[in-house]
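Dear colleague,

I am passing on the structure we spoke about, together with some notes on its secondary structure and packing.

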Amino acid sequence: MTSLALGLRGLAHGGDYNPEQWPRETWRDDIELMRQAGVNLVTLGVFSWAWLEPEPGRYEFDWLDEVMDLLAGGGIRVDLATATASPPAWLGQRFPETLPVTAEGTVLGHGSRQAYCPSSPVFRAHAGALAEQLASRYRGHEALAMWHVGNEYGCHVTCCWCDVSAAAFRSWLADRYGSAEALNEAWGTAFWSQRYGDLDQVLPPRATPTFPNPTHQLDFRRFSSDELLACFTNERDVLRRHTPDVPITTNFMAHSASIDCWRWAPELDVVSNDHYLLAHLPDNHIDLAFDADTSRGLARGGPWLLMEHSTSAVNWQPRNVPKLPGETLRTSLQHVARGSDGAMFFQWRQSRAGAEKYHSAMVPHAGPGSRLWREVVQLGETLRRLAPVAGATVDAQVALVLSWQAGWACEGPTQPSDDVTYRDRAHALHAALFRQGITVDVVPPDADLSGYRLVLVPTLYLLTDAEAASMAAYVDAGGHLLVTYFSGIVDEHDHVRLGGYPGAFRDLLGVRVEEFHPLLAGQSVRLRGDDGRTGEADVWTEDLHLAGADAVLSYADGPRAGTPAVTRHAAGDGVAWYVATRTDRETTDHLLRQVCDDAGVSAAAAAPPGVEVVRRRTADDTYLFVLNHTHEAASVPADGIDLVTGREVTGSVDLVPGGVAVVQGG
Ligand code: GLA
Ligand code: GLA
């Protein structure tokens, strides 16, 4: 699904449009400014339920009719929200059982947003009725390009522990297990007298005296993701009935653990994602790249849409740092480089009241007489010149396996070390490849890996037998695979795979681990290779024994001195690497260079440090994105036409500090 399917001639440019926050006179100015900025798509009405249905069953669409017509008149297409992201005050007042409840029993009330229980049939009925009204009213409207269901599902209310949810959880468990015996087996309830005599005895994992049952927790996360998905499909199915040809999306937060995006993505027509830079991360442009690569993975390698990012500061970090000159353009093009068919923002006009009044927007408080506005206009022009890129795929030779379920289990209660966080190594490996100009596809554990030269498996704590077998078959057939510590430890029920860690990968990696040996906070160990190379590691070590693999690096000191820390195993026609400790950045970079050379993985182009290179490809052309994240001028070998400037590139493309280029034919 590309931007072309949204009726756009090229890439999407625009943002969340909340006209209900402004007097009518502003709306015409909005359209005029949108035209100046080259805006071609807006997301309309995400939080307008209270305006559209001021009382139960009484709908007011006049204002929305007017806005839709104004947008159509301005040639601007609409990603029309079902407006169900935040219920009006009357829903919770009339139907208190629709309000979410925390594990401690606190009822969350109206006055913020997203105050609904995902399992509530009352919420779903009202949301479905509003979707029905919108669909029957705006089907066939000239401006309607796409439906936007809900908003960032699970962003605030990921799970609900109320009685309605409890009943829904029991019914979900009955479908999954069929009987109390099967549930007892799966949850390991022989432990601490947790055995259930009947499924009716099961509750959501509410506040408990001490550590809760980890499989109970894990299933509750799975259930909660499925319940939110049912909220989405409830509305989606209504919309589909009315407008079978209008694509449907909801905006993911691919970085978040709230929902299992692999289960959700096939239910959407367009994968869209929201991404915000975290000011405290030193390399937040690499973090952005990870999120964009995840979004592309959710779109199964095809184009997706960046639904929200910010033109400058946000309002929800401890210190909300604005973007520097040029950063909005560069970060927008990062997403486009990695497969987004556009760059959309939250939001169009900066609010003057409410919790997001200090969140930047396309039209800032300062108005159009501002640097920020001029950059928004410049971005619009650049995106227009990049129109040929729409629909192109992204070249990648490396896959990285990501699993929301493994993350939930990995970060469950009572693990060997609080310092092992699920995505830590995923980001570290991805960053090492980013620094080498190598693009990574993010894939699910059951992906077909056969097209990749190298597959990275970071901290895949939980996986099924079938997934482990598919990775082993990939290596057997000549693939190269790298696994990091705390992978392959448990099955899908969070039961340990016995006989030595990492149970699912022991044979493949040619190692056997008898005991984990986490390090204390602040403790580090030295590493040494046979070639004399040294490095450092922290957080994790293991009592590892070689069983066919060769040691690449071993501990030079610390509790496991002399024990292998990084190993390489020639298995079948392929190679399986194991990294049993948290290697420092330099060691990780060096190791990944070695692994990539071994696997024959190459960079998109030879680029100096800090210069991002990614290639998109259509049937008849290629587009080399070159993004300079440094404060120095840089050049990268390329030939073709730079679509950003329109200039011919011969031999190399030269970038100013912070500059960008997209070389067609490069
Ligand atoms: C206490 C409890 C045991 C066990 C241990 C674990 O001693 O009595 O049941 O939980 O802690 O250290
Ligand atoms: C999310 C939401 C938006 C807005 C932004 C602020 O992405 O979807 O409504 O609150 O955060 O950054």
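This is a predicted model: local features need pLDDT of at least 70, side-chain atom pairs count only at pLDDT 80 or more; totals for chains, interfaces and linings use all residues.

Strands

Helices (H or I, at least four residues) and strands (E, at least two) are DSSP runs, numbered from the N terminus, and two strands are said to pair if DSSP finds at least two bridges between them. On that basis, strand β15 (residues 511-518) runs antiparallel to β18 and is joined to it by 7 bridges. Strand β18 (residues 540-546) is mostly covered, with 5 of its 7 residues buried, where buried means under 20% relative accessible area, exposed over 50% and partly exposed in between (1.4 Å probe, protein chains only).

Strand β3 (residues 77-81) runs parallel to β4 and is joined to it by 4 bridges, with L144 of β4 as the bridge partner of V78. Strand β5 (residues 248-249) also pairs with β4 in the parallel sense, over 2 bridges, and here H148 has T249 of β5 as its bridge partner.

An open sheet of 6 strands, with antiparallel pairing, has the order β10-β23-β24-β29-β26-β27. Its edge strands, β10 (393-394) and β27 (648-649), each pair on one side only. Within this sheet, β24 (residues 622-628) and β29 (residues 660-664) are paired over 5 bridges in the antiparallel sense, and Q664 in β29 is the bridge partner of Y623. Helix α11 (residues 327-337) packs on the sheet, touching β10, β23 (611-617), β24 and β29, and its direction makes about 145 degrees with that of β24. Here contact means heavy atoms within 4.5 Å, and axes are lines fitted to C-alpha atoms, for helices over the stretch in contact, with angles running from 0 to 180 degrees between N-to-C directions.

Helices

The 15 residues of helix α10 (residues 284-298) should span 21 Å at 1.5 Å a residue, and the end C-alpha atoms are 21 Å apart, which agrees; the expected span is 1.5 Å times one less than the number of residues. All 15 of the 15 residues of α10 are buried, and the helix is followed by R300, whose phi is positive, near 50 degrees.

Helices α10 and α11 pack at an angle of about 30 degrees with their axes 9 Å apart, and are therefore roughly parallel to each other (angles under 35 degrees count as such). The contact is made by H285, L288, A289 and A292 of α10 and T331, Q334 and H335 of α11.

The axes of helix α5 (residues 121-138) and helix α8 (residues 214-242) come within 9 Å and cross at roughly 25 degrees, which makes α5 roughly parallel to α8. Among the residues that make this contact are F123 and R124 of α5 and E227 and A230 of α8.

With best regards

Key: Residues are numbered from 1 along each chain as its sequence is written. Chains are lettered from A and ligands numbered from 1 in the order in which they are written. Side-chain values use heavy atoms; hydrogens and water are left out. Angles under 35 degrees count as roughly parallel, over 145 as roughly antiparallel, 65 to 115 as roughly perpendicular and the rest as oblique.
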